[in-house]
Amino acid sequence: MNTTNQVNNQFIDLDFDAKHLWHPYTSMNNALPTYGVVSAEGVELTLNNGTKLIDGTSSWWACVHGYSHPKIVAAMQHQTAQLSHVMFGGITHRPAVELARMLVDMTSERLTKVFLADSGSIAVEVAMKMALQYWQGRNNPNKQKILTVKSGYHGDTFAAMSVCDPEGGMHTMFGELVTEQLFAPEPKARFTECFDAEELQSISNMLEDNHQQIAAVLIEPIMQGAGGMRFYHAEYLSALRKLCDKYDVLLILDEIATGFGRTGKLFAYEHANVEADILCLGKALTGGYISLAATMCSDEVAQGVSDSPAGVFMHGPTFMGNPLACTAAIASLELINEQHWQTQVSSIESQMKTELAEAVDYTNVVDVRVLGAVGVLEMKSTLNTAALQQQFVDLGVWIRPFSNLIYIMPPYTISSCQLTQLTSAMKAVAKQISLPSNDTNFISHG
Ligand SMILES: *Cc1c(COP(=O)(O)O)cnc(C)c1O
């Protein structure tokens, strides 16, 4: 009996899907094509027609060890049978305690307190609430603004939206529901370029003029992800840490995309040798098996929050600390702690550098950049995601362009031969794009 085949023949009603199911950033009037996936193993997704695709996305940064990893699957199966969920109010359990212990050990010394939330956007909301309550507890209730940089992405909920790039993001469409925050220019010097401290002048001026209103600076360390896949200089981040100290504002680092090895360091802030006061983790936290996020903070922040008039931190979701999700995270972090990711990520990095380099000469490619296990071709103009997606599927790979970017962040476990298939597909598609392509009428993060 061939069970794999039975699974592969599973019927998925794509018409029903198109009529009734929202997908990320899609229209219900003009549904984009979707592909039915029935299973996934290692770095391959299997479609319902049996086609196998090499995954270049890690399901949006998350699936770092590949799909159906026996260790994570076994841990989750065992935990499901034992305790898949219990409320976290007044109750605790081993998965939450052990996960918190691992996170405290893995992250920088200052980060000692862990808040477990459901998703990255919520982790960002929690971080911002913590910062505001901290200053209330330190008798400084006027510090309510967040200072951030342009081209950032921090999630889709309202507070998270307020710190996303004001142009590419969703500020104007929701009017006053989106709080006005302070935006400095995005970091300019690239990761590998020379750094000129002059570029911090404007953020420094903003801090000087407004620090009495600023609770925290919030930024993605080293890599700005969905806001444009930009890799910036480590000295920018270390200088920013110093400015936060000088002007007495907290530093919130959003490591949701970069955490757990993706940029070549366990956490991207290690490139700059800085410590956050508040740190957001998500995406790869569970190895991509189930949604979970964490917001960590220092003793000082936790004490300030607890000294605030409320006397408690004002957040507590229903599925807080979900044991099944914590178990997946523990299994994933145990794999991370085996340290294979370091050699995997650095060989992915050097292979992508070699194989993508020639694309810089293609007429429609503006820039080629690689950092850790992230490879990007920046194109001259906005791409037609649906059309290019089909081309990638035809080439046997799952790569999802957005805006003007063709990029990959594969699972760390990808083989060199599979990676070559990804980079070849990127080059083939980038080469043949005939610009301008005006048949796309939206820019999609999805
Ligand atoms: C994806 C992402 C988020 C939002 O996480 P969700 O789990 O999608 O809510 C926040 N910040 C960064 C940097 C991200 O990449």
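A polar side-chain atom of Ser-121 lies 2.6 Å from an oxygen atom of the ligand, a polar contact in the sense of a pair of N or O atoms within 3.5 Å. This is a predicted model, in which local features need pLDDT of at least 70 and side-chain atom pairs count only at pLDDT 80 or more, while totals for chains, interfaces and linings use all residues. Residues are numbered from 1 along each chain as its sequence is written, and side-chain values use heavy atoms, with hydrogens and water left out. Below is a short tour, starting at the ligand.

**Around the ligand**

- Ser-119, Gly-120, Ser-121, Tyr-153, His-154, Gly-155, Glu-220, Asp-254, Ile-256, Ala-257 and Lys-283 surround the ligand, each having a heavy atom within 4 Å of it.
- Lys-283 brings an N or O atom of its side chain to 2.6 Å from an oxygen atom of the ligand.
- Gly-120 takes part through its backbone, with a polar atom 2.9 Å from an oxygen atom of the ligand.

**A closer look at Ser-121**

- Ser-121 sits in helix α6, residues 120-137; helices here are DSSP runs of H or I with at least four residues, strands are E runs of at least two, and both are numbered from the N terminus.
- Ser-121 counts as buried because its relative accessibility is 16%; buried means under 20% relative accessible area, exposed over 50%, and partly exposed in between, using a 1.4 Å probe and protein chains only.
- Beyond its neighbours within four places in sequence, Ser-121 is in contact (heavy atoms within 4.5 Å) with His-154, Gly-155, Asp-156, Thr-157 and Ala-160.

**Two helix pairs**

- Helix α5 (residues 94-106) packs with helix α11 (residues 323-337) at an angle of about 35°, their axes 8 Å apart; axes are lines fitted to C-alpha atoms over the stretch in contact, and angles run from 0 to 180 degrees between N-to-C directions.
- The α5 and α11 crossing is left-handed, meaning that the near helix is turned anticlockwise from the far one by less than a right angle, whereas clockwise would be right-handed.
- Residues making the α5–α11 contact include Leu-99, Met-102 and Leu-103 of α5 and Ile-330 and Leu-333 of α11.
- By type, the α5–α11 contact residues split into twelve nonpolar, two polar and two charged; Ala, Val, Leu, Ile, Met, Phe, Trp, Tyr, Cys and Pro count as nonpolar, Asp, Glu, Lys and Arg as charged, and the others, Gly among them, as polar.
- Helix α12 and helix α14 (residues 416-432) cross at roughly 35°, with axes that come within 10 Å, and this crossing is right-handed.
- Among the residues in the α12–α14 contact are Gln-351, Met-352 and Glu-355 of α12 and Leu-419, Thr-423 and Lys-427 of α14.
- The α12–α14 contact residues comprise five nonpolar, four polar and two charged.

**Positive phi in loops**

- Asp-248 is not a glycine, yet has a positive phi of about 60°, and belongs to the loop between α9 (234-247) and β10 (250-254).
- With a relative accessible area of 47%, Asp-248 is partly exposed.
- Gln-339, also not a glycine, has a positive phi of about 75°; Gln-339 lies in the loop between α11 and α12 (340-356).
- Gln-339 has 37% relative accessibility and so counts as partly exposed.

**Ala-18**

- Ala-18 belongs to helix α2, residues 14-20, and is partly exposed at a relative accessible area of 32%.
- Apart from neighbours within four places in sequence, Ala-18 is in contact with Met-28 and Ala-31.

Definitions and conventions
Polar contact = N/O pair within 3.5 Å; in protein donor to acceptor, adjacent residues only side chain to side chain.
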